[in-house]
Amino acid sequence: QGPHAYVSPTWYASLPNVPTWNYAIVHAYGVPRRLDDDALLATLRASVAQYEAPDSPLALSEDYLRDKMRGVVGLEIVIARLEGKFKLSQNQNEENQERVASRLAGSDDPQAQAVARQMQQRRAKPENGN
């Protein structure tokens with residue numbers, strides 16, 4: 001999930017309007033498959049190697065890992081389809097888009113600021129005239 005933020009109808013140039021939510025997201029579709037113990041163990045070891053510092057004292061024994069794995073379900077999803085979506089006030093006129101982006105940019109919320117940046121980037125590079 002990308003950035004997301006509430007948009008107040010009071011930010012538009014004219015009323016009435018309704019509150020809404022601006023967002024950017026990617027949905028992944030596929031069929032999940034449960035990992036067997038060997039694949040789960042390999043995934044856990046790879047995760048530790050990826051996220052622990054190289055000099056980490058975390059050297060977990062095979063017995064310890066297998067014991068803890070009883071409380072973990074590992075899944076693999078072969079992605080069959082990806083669907084990217086965004087709702088960034090593109091249904092509003094340019095003035096309202098500018099007003100919303102400005103209010104979001106001035107927010108203390110980092111998510112709102114990120115939505116404002118996406119709105120500004122999209123307006124700077126319209127997609128095929130859309």
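Is R70 buried or exposed? Select R70 and check: at 70% relative accessibility, R70 counts as exposed (buried is under 20% relative accessible area, exposed over 50%, partly exposed in between, with a 1.4 Å probe and protein chains only).

A quick note before moving on. This is a predicted model, where local features need pLDDT of at least 70 and side-chain atom pairs count only at pLDDT 80 or more, while totals for chains, interfaces and linings use all residues. Residues are numbered from 1 along each chain as its sequence is written, and side-chain values use heavy atoms, with hydrogens and water left out.

D67 is partly exposed at 36% relative accessibility. The count by this rule is seven salt bridges.

Next stop: D38 and R66. Their side chains form a salt bridge too, at 3.3 Å from N to O. This pair links distant parts of the chain, with D38 in helix α1 (residues 37–51) and R66 in helix α2 (residues 62–69), 28 residues apart. Helices here are DSSP runs of H or I, at least four residues, numbered from the N terminus. D38 is exposed at 55%, whereas R66 is partly exposed at 32%.

Finally, pick R81 and E83. The closest N and O atoms of their salt bridge lie 3.3 Å apart. R81 is partly exposed at 42%, and E83 is partly exposed at 23%.

Methods: Salt bridge = Lys/Arg side-chain N within 4 Å of Asp/Glu carboxyl O. Helix = DSSP H or I, 4+ residues; strand = E, 2+ residues; numbered from the N terminus.
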